[in-house]
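Hi,

Here is the structure I said I would pass on.

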Amino acid sequence: MTARGNIVRLVEGGRTPRRRGAVHLNDSAVEGLVEQIKALIDERNLGVGDPLPSERELGEMFSSSRTTVREAMRILKAYGVVDVRPKVGAVIIDRRMDAVFDLYSFNTLELSRQTFLETQGFRQLIEVGAADQLFTRTSENDIAELRAINDSMREAEGLHGRALQDFNFHLKLVSIVGNQQLLEIYRIMKPVMLKIMENGVNRIKSGDVNYDEHAGIVDALEGRNRIAFQYRMSQHLEAGLALFKEED
């Protein structure tokens with residue numbers, strides 16, 4: 001899908017929370033204008049770097065008030081679809097994933113059993129389920145890089161340092177699959193994954209346990225041993241569940 005197509009799809013069905021006294025996307029005038037701007041992007045085949053008409057021009061084109069146009073542009077900017085630049089005006093960008101990441105990075109979600117199960121369950125679907133693609137795509141350089149990251153994890157100081165290298169190890173595995181959107185998802189999930197690695201798993205894995213588990217995963221990947229790879233990865237991702245009590 002093109003960047004333009006992604007931008008058009010982004011604003012379809014979007015909603016923002018209601019705030020007292022504020023214009024928001026549920027207001028018919030603003031919602032209608034966002035839909036019209038979406039259609040304009042589509043009709044003119046606009047993509048990243050292309051300018052939108054000025055606020056005055058948009059108001060004249062769609063018979064909208066200055067306030068409505070500005071609110072619609074504020075929403076598009078919040079979504080990471082446009083950026084307003086001096087002497088240029090609104091320009092189409094593609095920082096949607098950055099916008100989501102910024103919001104997610106402020107997540108103060110407690111590390112609970114449910115958070116652990118949902119996060120690790122998602123990772124099982126990806127990291128265990130990608131065995132065939134990993135066996136096809138993994139090169140000798142990839143194996144060497146995974147081992148180097150694992151060595152760095154063992155040598156890192158403190159829980160946070162080890163957690164960062166733990167995350168890098170799994171991010172490298174996912175990168176071998178070659179799916180950019182998947183990498184973006186892992187990037188968004190990084191704060192929670194680090195919390196699990198730092199405050200959860202690494203607290204109960206003494207000495208070289210985590211290092212040895214990673215090494216076993218790499219060995220199975222290098223040997224193209226599907227059963228060993230899937231078993232070791234599953235066991236690795238499930239470690240730490242005992243930290244959490246059953247929730248009522």
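Let me start with a pair of helices. The axes of helix 2 (residues 28-43) and helix 4 (residues 66-78) come within 9 Å and cross at roughly 60°. Axes here are lines fitted to C-alpha atoms, for helices over the stretch in contact, with angles running from 0 to 180 degrees between N-to-C directions. On the helix 2 side you'll find Ala29, Val30, Leu33, Val34 and Ile37, which meet Thr68, Val69, Glu71, Ala72, Met73, Ile75 and Leu76 of helix 4. By class, that contact has 10 nonpolar, 1 polar and 1 charged residues (Ala, Val, Leu, Ile, Met, Phe, Trp, Tyr, Cys and Pro count as nonpolar, Asp, Glu, Lys and Arg as charged, the others, Gly among them, as polar). Contact means heavy atoms within 4.5 Å.

Before you go further: this is a predicted model, where local features need pLDDT of at least 70 and side-chain atom pairs count only at pLDDT 80 or more, while totals for chains, interfaces and linings use all residues. Residues are numbered from 1 along each chain as its sequence is written, and side-chain values use heavy atoms, leaving out hydrogens and water.

Now the whole chain. It has 12 helices and 2 strands, in the order α-α-α-α-β-β-α-α-α-α-α-α-α-α from the N terminus. Both are DSSP runs numbered from the N terminus: helices are H or I with at least four residues, strands E with at least two. Of the 248 residues, 42% are buried (under 20% relative accessible area, with exposed over 50% and partly exposed in between, using a 1.4 Å probe and protein chains only).

Thr138 sits in the loop between helix 7 (131-137) and helix 8 (140-155), and counts as buried because its relative accessibility is 7%. Its side chain reaches the backbone oxygen of Leu134 at 2.6 Å. Leaving aside neighbours within four places in sequence, Thr138 touches Ile143, Ile176, Leu221 and Arg224.

The other is Ser234, in helix 12 (residues 226-238). Is Ser234 buried or exposed? Buried, because its relative accessibility is 17%. Beyond neighbours within four places in sequence, Ser234 is in contact with Gln124 and Val128.

Cheers

Notes. A polar contact is a pair of N or O atoms within 3.5 Å; within protein, one must be able to donate a hydrogen and the other to accept it, and residues adjacent in sequence count only if both atoms are side-chain atoms.
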